[in-house]
Amino acid sequence: MKILVTGGLGFIGSHTVVELQNQGFEVVIVDDLSNTSMTVLDGIKNITGKVPVFEKLDLRVKNNVQDFFSRNQDIAGVIHFAASKAVGESVENPLLYYENNINALVYLLQELQKKEAASFIFSSSCTVYGQAEKMPITENAPIQTAMSPYGNTKQIGEEIITDTAKVTNINAILLRYFNPIGSHPSAEIGELPLGVPQNLVPFITQTGMGLRKELSVYGDDYPTSDGTAVRDYIHVVDLAKAHVIALKRLLDKKNLEKVETFNLGTGTGSSVLEVIQAFEKVNGQKLPYKLVGRREGDITEAYANTDKANTVLGWKAQSTLEEAMASAWKWEQKVRS
Ligand code: WQD
């Protein structure tokens, strides 16, 4: 079975390619290399011994997408990761986000609707819930007005897929990620933020390496156990495995609806200070940090109700926060060695 993975050299994409290859799938990666590098392909090969087909492609160009599918008629399914994903950047440059995250999706679906049947896995985000009223967050929690153009592209993307699946042979699963962290245990692939990391864990590991002077903890006045914001940090390998299970569900026609939605988290919330403590425990050194004001647009708390993924997909996150932090730290040391 040939599977197209868009954005397959990215953080979550590369880990998913490894799991697809482990399950015997033939993988074709397209990536525009705007936020990654070709070295990731070597990392994948070092892990699985198999080199996925790779094509550098800008999916924002409709003709590129049409041409790709005319040359690859035997694609059985698509896992669509390719998107811009920096919340702050999306506020500064909304049209870059609408063009990249929406136009490319439309062009992909226009090709897939021509096929007998198509299985489509969409990389969505818990950001669609905004600050949910009730914890843990279920898939039925109301979708709130997006806090950023990035979040809006995920909401719009879900709607486009839902409307299209209704009237085509496309079956889809929307995967709403909580906070992906960590790296493959081999340290051959991991998170490669270009520039100053926006996300907590890469900033922590770079601080641990002395690349950053200290971590700024954004806000200690939230209504949480220790005043710092709470998120559901899920190991990227657990997340990758969920994608293969979801894809197989569609390929085997086990889905009960044309479009199904699953929250992918651990079901446990961790505060920023708890993440710091987990890191310190793992690498035995104190992390320099300072408490500063809240970051614009941040929510207080988000962690998943994972019952649906556990029972319907038969998937459950396996790694603990400490294990995830240990893998992130191992990767950081490898990358800087
Ligand atoms: C986590 C917590 C920060 C950096 C975003 C997107 C989400 C997904 C993951 C793409 C928050 C705090 C962070 C720092 C800090 N992205 N923090 N100091 O904002 O929950 O989610 O990234 O899919 O869609 O919204 O993740 O890692 O940026 O922040 O105190 O230097 O760590 O305030 O409470 P976030 P994050």
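**Figure 1. Pairing of strands β1 and β2 in the predicted model.** Lys2 faces Glu26, a residue of β2, across the strand pair. Strand β1 covers residues 2-6 and strand β2 covers residues 26-31. The two run in the parallel sense and are joined over five bridges.

**Figure 2. The open sheet of seven strands.** Along the sheet, the strands follow the order β3-β2-β1-β4-β5-β6-β11, with parallel pairing. The edge positions are taken by β3 (53-56) and β11 (259-264). Each of these has a single partner strand, so one side of each is left without a neighbour in the sheet. From one strand to the next, the twist averages 20 degrees.

Figure 3. A polar atom of the Ser90 side chain lies 2.6 Å from the backbone oxygen of Val87.

Figure 4. One cavity of 30 Å³ or more is present in the structure. The largest cavity holds about 50 Å³ of space. Sorted by class, the lining residues of the largest cavity are four nonpolar, three polar and one charged.

Note on methods: Residues numbered from 1 in each chain as written. Predicted model: local features only at pLDDT ≥ 70, side-chain atom pairs only at ≥ 80, totals over all residues. Heavy atoms only, no water. 1 Å grid on protein atoms, 1.4 Å probe; cavity = no way out; pocket = protein on both sides within 12 Å on 5 of 7 lines; lining within 4 Å. Points joined across faces, edges and corners; volume = space filled by probe spheres on them. Nonpolar A, V, L, I, M, F, W, Y, C, P; charged D, E, K, R; others polar. Pairing = 2+ DSSP bridges. Helix = DSSP H or I, 4+ residues; strand = E, 2+ residues; numbered from the N terminus. Axes fitted to C-alpha atoms, helices over the stretch in contact; angles between N-to-C directions. Polar contact = N/O pair within 3.5 Å; in protein donor to acceptor, adjacent residues only side chain to side chain.
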